[in-house]
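Colleague: I'd like to learn to read this model feature by feature. Shall we put it on screen and start with a single residue?

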Amino acid sequence: MNDDLRQALRGCVGADGWLDAEAVAQRGAGVFRADRLQACALVRPRCTQELSAVMALCHAHRQPVVPQGGLSGLVRGADAAPHELIVSTERMCTIEAIDPVGRTATVQAGVVLGSLRDAVQAQGLHYGVDFGARDSATIGGSIATNAGGNSVIRYGMTRESVLGLEVVLADGTVLSSMNRVLKNNSGFDLKHLFIGSEGLLGLVSRAVLRLHEAAGPPRTVLLACDSFEQVLALLRHLDRAFSGRLGAFEVMWRDYFELAVNGSPSGRPPLGSIAAYQVLAEVVGTDDDALEAALADAQALGHFADAVLAASLEQRRALWALRESVMLTFRHGPDFAFDVSMPLADMSAYAERVRAAVKARWPAGHCWIFGHLGDGNLHISIAVGSGDMQTQQLIEALVYEPLRELGGAISAEHGVGLSKKAWLPVSRTQEELALMRQLKRSLDPLGLLNPGKMFEAVA
Ligand SMILES: Cc1cc2nc3c(=O)[nH]c(=O)nc-3n(C[C@H](O)[C@H](O)[C@H](O)COP(=O)(O)OP(=O)(O)OC[C@H]3O[C@@H](n4cnc5c(N)ncnc54)[C@H](O)[C@@H]3O)c2cc1C
């Protein structure tokens, strides 16, 4: 970066909005990561106007830019090279308005997901997006990655919760589509171009989010199933019984649940023993009697073997802590984590195929499977004792190749970033990739926004 640009950017964001390369290198590269950030500098604008001025300067000087939110992304989408400038939204963290009548929240991009959830809850409202990184991830990052999470089965992905969006384009233009109404078919709905675009087409600066009435505490139940057929029957049964009010349907395969239980404070399984599949289901807007009645019917139909209802908030948290024990996989050495989706009908065979392939090649290896089954989304963590590039390539092929014939996704919710870039053609056709490149060229002709992520700009 030349001195002129350095001075101009500093002038734009102020001394406390600027970190030089040495200061950047003191910062951790992200959640779960041991390495440090790198970049030629980092700027922290406070508002859209500052962000726009930063981008106009970078455009004039052809300075590549990497947007960063809470750095909780799992695909190295916010990694910067030494010559790139990091634009962090950490000081754009104002909740501008919560409208209880229109049921919307207007926020800056750097607001942390958990803070927004708490703030709207205090007004009897609910934001439908939630996931394990809620205390780090920002609204801007969750929009840029179209994050999913634990309640997709009820509220959809982040896309479904975004009513309006403000984006700063590569040349500094502010594109404001801060729509606040549910229905707006007045021409192209441009926000969808940017949701899930991982910072390649523009920087999210503000958003209007859809809220819902808080439905009171959910009812949470852990169920043990001996077969995958039971799991699928249970999903349909609960969905039918509580149409639209099933708030989560998470499944943990035996190995993952054993890992979670062994790492839990009690060290004991909540149901006494561990079954082939444990389902963590949540229903909102109901009471214990209705849930117990639906479960009694399900048991009579043979849809599960055993169940325990969370009797308190503490018990609910303990059950969710088991589901969110993914960090424990790191205790077994280098770990390769995947986030894939496929049609539910193919899920069991796919999971067994991957597990068998891992065990055949690395008999002492681990293959932990769990995830948002109600959304057709599995998380797979594989540890085989080695983390080298060759092992990584072998494992990636085991996980991703079978998805081709199933029409599955190499990234169900975490995005592509750098980590999954090489595998994008498994899930996207040549024509789709060509149109993505064309869109990138028309919105960012100089290739300054998050360069090298998701796909190569030139085929
Ligand atoms: C424990 C844990 C659990 C998780 N669970 C889930 C889950 O269930 N579902 C799920 O979907 N994800 C999950 N994630 C992944 C991650 O939290 C999400 O991808 C999240 O949306 C990233 O937000 P962030 O603010 O941390 O973004 P970052 O990690 O900082 O950035 C992510 C991407 O967004 C871009 N970006 C960031 N801010 C902006 C902006 N303002 N404008 C344009 N581009 C921007 C970055 O360049 C990068 O490409 C989990 C992560 C962890 C650590």
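Colleague: In which loop is glutamate 198 found?

Modeller: This is a predicted model, so keep that in mind throughout. Glutamate 198 sits in the loop between helix H8 (191-194) and S10.

Colleague: What is the phi of glutamate 198?

Modeller: The general idea comes first. Most residues other than glycine have a negative phi. Glutamate 198 has a phi near 55 degrees, a positive value in a residue other than glycine.

Colleague: Is glutamate 198 buried or exposed?

Modeller: Count C-beta neighbours; 20 or more within 10 Å means buried. Glutamate 198 has 22 C-beta neighbours inside 10 Å, so it counts as buried.

Colleague: And where does arginine 76 lie?

Modeller: Arginine 76 is in the loop between S3 and strand S4 (85-88). Its phi is near 55 degrees, again positive in a residue other than glycine. Now the count: arginine 76 has 17 C-beta neighbours inside 10 Å, so it is classed as partly exposed.

Colleague: Next, helix packing. At what angle do helix H1 and helix H3 pack?

Modeller: Read the angle between N-to-C directions, then the distance between axes. Helix H1 (residues 3-13) and helix H3 (residues 48-60) pack at about 175 degrees, and their axes are 9 Å apart. An angle over 145 counts as roughly antiparallel. H1 and H3 are therefore roughly antiparallel to each other.

Colleague: Which residues make the contact?

Modeller: H1 supplies Leu5, Ala8, Leu9, Cys12 and Val13, while H3 supplies Glu50, Ala53, Val54 and Leu57. By class, the contact of H1 with H3 has eight nonpolar residues, no polar ones and one charged.

Colleague: Now the larger units. Into which domains is the chain divided?

Modeller: Domain 1 (3-88), domain 2 (95-213), domain 3 (219-323) and domain 4 (329-422). Twelve residues of domain 3 are in contact with 13 residues of domain 4.

Colleague: Which elements supply at least two residues each to the side of domain 3 that touches domain 4?

Modeller: Helix H9 (228-241), strand S13 (246-253) and helix H10 (254-262). S13 gives the most to that side, with five residues. The residues on that side of domain 3 are ten nonpolar, no polar and two charged.

Colleague: One last residue. Where is serine 411 found?

Modeller: Serine 411 is in the loop between helix H14 (389-406) and helix H15 (424-427). It has 25 other C-beta atoms within 10 Å, so it is buried.

Colleague: With which residues is serine 411 in contact, leaving aside its neighbours within four places in sequence?

Modeller: Serine 411 is in contact with Asp339, Val416 and Lys420. For a distance across the model, take serine 411 and proline 270. They are 141 residues apart along the chain, and their C-alpha atoms are separated by 32 Å.

How values were computed:
Residues numbered from 1 in each chain as written. Predicted model: local features only at pLDDT ≥ 70, side-chain atom pairs only at ≥ 80, totals over all residues. Domains from an automatic or database assignment. Contact = placed C-beta atoms within 7 Å. Helix = DSSP H or I, 4+ residues; strand = E, 2+ residues; numbered from the N terminus. Nonpolar A, V, L, I, M, F, W, Y, C, P; charged D, E, K, R; others polar. Axes fitted to C-alpha atoms, helices over the stretch in contact; angles between N-to-C directions. Parallel < 35°, antiparallel > 145°, perpendicular 65-115°, else oblique. Buried ≥ 20, exposed ≤ 12 C-beta atoms within 10 Å, placed from the backbone.
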